[in-house]
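User: I would like to learn how to read the main features of a structural model. Please take me through this one step by step.

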Amino acid sequence: MTPWEMLAVFAAGVGAGAVNTVVGSGSLITFPVLLATGMPAVTAAVSNALGVIPGSIGGAIGYRAELSGQSRRILRMSAGALLGGLTGATLLLVLPATAFEKIVPALVGLALVLVILQPRISRSVRRRRERTSGSARPDGGPLLLTGLTLASVYGGYFPAAQGIIYMSLMGVLLDETLQRLNAVKNVLVALVNTVAALFFLFSADFDWTAVVLVAAGSALGGPIGAKAGRRLSPPVLRALIVAVGTFAVVRLLRH
């Protein structure tokens, strides 16, 4: 990498760490930047998976107050997250690189749709909660666990917007405040990223320069997102994510 490319990757890591904590689609920032350096798509994906771990952990720690009283819920969901993340990571390496290059544009496109629809989803969740106040569901039952496990397979294969999927599922099936659900989301994302990265560590090739730069950036960005993310303008943040995600789709389709 050139010095300018290294600076861009670091900056993308900071942005991804902050965005993952607040929204959950930070890989739509780092992944296109890694591709722009000329890195192969699968190498970029596994390097990104390892690099974003510090930001995910930092974001979860930043929401520790909202995690109070949710330990049993998190333990139940963690089993599905770990199983799904490992399955997705395995698929990434078992399937040929050509399959990844064909599948990921569709996944990024799905992630962009979810980012765009996120305000509507949130409004729908709030209206549902108002209609069903008092019918608390402590764990969401088998339906939520199955949905989160499948979303974790997606996250282990390619992590863009997995947090939005988690929030959508939990928002519909749990009667809980969005901030407390966001705290749970950050823990699940950290678990999936970690189990996938540990699997990749022993079975895939990384670009270690990219890993270190993204890790350093995301470690800085995660706590920033947890502390200041609520003050950011959601439309501006969403527009940035859609812009870089569109760049990623174009880059992959032309690859």
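**Reading the model**

Analyst: Read along the sequence, the protein follows the pattern α-α-α-α-α-α-α-α-α-α-α. The secondary structure comes to 11 helices and 0 strands.

User: What is the mean pLDDT of the protein, and where is confidence lowest and highest?

Analyst: Where pLDDT is low, the predicted coordinates should not be read in detail. In this protein the mean pLDDT is 80, with 84% of residues at 70 or more. Confidence is lowest in helix H11 (residues 234-254), where the mean is 68. It is highest in helix H5 (residues 71-94), at 91.

User: How many residues does the protein have, and what share of them is buried?

Analyst: A residue counts as buried when its relative accessible area is under 20%. Of the 255 residues in the protein, 53% are buried. As for contacts between residues at least 6 apart in sequence, 84% join residues at least 24 apart.

User: How should I read the packing of two helices, and at what angle do the axes of H7 and H8 cross?

Analyst: Start from the angle between the N-to-C directions; over 145 degrees counts as roughly antiparallel. The axes of helix H7 (residues 141-157) and helix H8 (residues 162-173) cross at roughly 175° and come within 9 Å. That angle makes H7 roughly antiparallel to H8.

User: Which residues make the contact of H7 with H8?

Analyst: From H7 they are Leu 143, Leu 144, Gly 147, Leu 148, Ala 151, Ser 152, Tyr 154 and Gly 155. H8 contributes Gln 162, Ile 165, Tyr 166, Leu 169, Met 170 and Leu 173. By class, this contact has 10 nonpolar, 4 polar and no charged residues.

User: Next, single residues. Is Gln 70 buried or exposed, and what does its side chain reach?

Analyst: Gln 70 is in the loop between helix H4 (53-62) and H5. It is buried, with a relative accessible area of 1%. The side chain of Gln 70 reaches the backbone oxygen of Glu 66 at 2.8 Å. Leaving aside residues up to four places away in sequence, Gln 70 touches Glu 176, Arg 180 and Val 184.

User: Where does Asn 182 lie, and which residues does it touch?

Analyst: Asn 182 lies in helix H9 (residues 178-201) and counts as buried, at 6% relative accessibility. Its side chain is joined to that of Lys 185 by a polar contact of 3.0 Å. Not counting residues up to four places away in sequence, Asn 182 touches Thr 21, Val 22, Tyr 63 and Met 167.

User: How many residues apart in sequence are Tyr 63 and Asn 182?

Analyst: Compare sequence separation with distance in space. Tyr 63 and Asn 182 are 119 residues apart in sequence, and their C-alpha atoms are 8.2 Å apart in space. Tyr 63 is found in the loop between H4 and H5, and it is buried, with a relative accessible area of 2%.

Key: Residues are numbered from 1 along each chain as its sequence is written. Side-chain values use heavy atoms; hydrogens and water are left out. Axes are lines fitted to C-alpha atoms, for helices over the stretch in contact, and angles run from 0 to 180 degrees between N-to-C directions. Helices (H or I, at least four residues) and strands (E, at least two) are DSSP runs, numbered from the N terminus. Angles under 35 degrees count as roughly parallel, over 145 as roughly antiparallel, 65 to 115 as roughly perpendicular and the rest as oblique. Contact means heavy atoms within 4.5 Å. Ala, Val, Leu, Ile, Met, Phe, Trp, Tyr, Cys and Pro count as nonpolar, Asp, Glu, Lys and Arg as charged, and the others, Gly among them, as polar. pLDDT is the predictor's confidence in each residue, from 0 to 100. Buried means under 20% relative accessible area, exposed over 50%, partly exposed in between (1.4 Å probe, protein chains only). A polar contact is a pair of N or O atoms within 3.5 Å; within protein, one must be able to donate a hydrogen and the other to accept it, and residues adjacent in sequence count only if both atoms are side-chain atoms.
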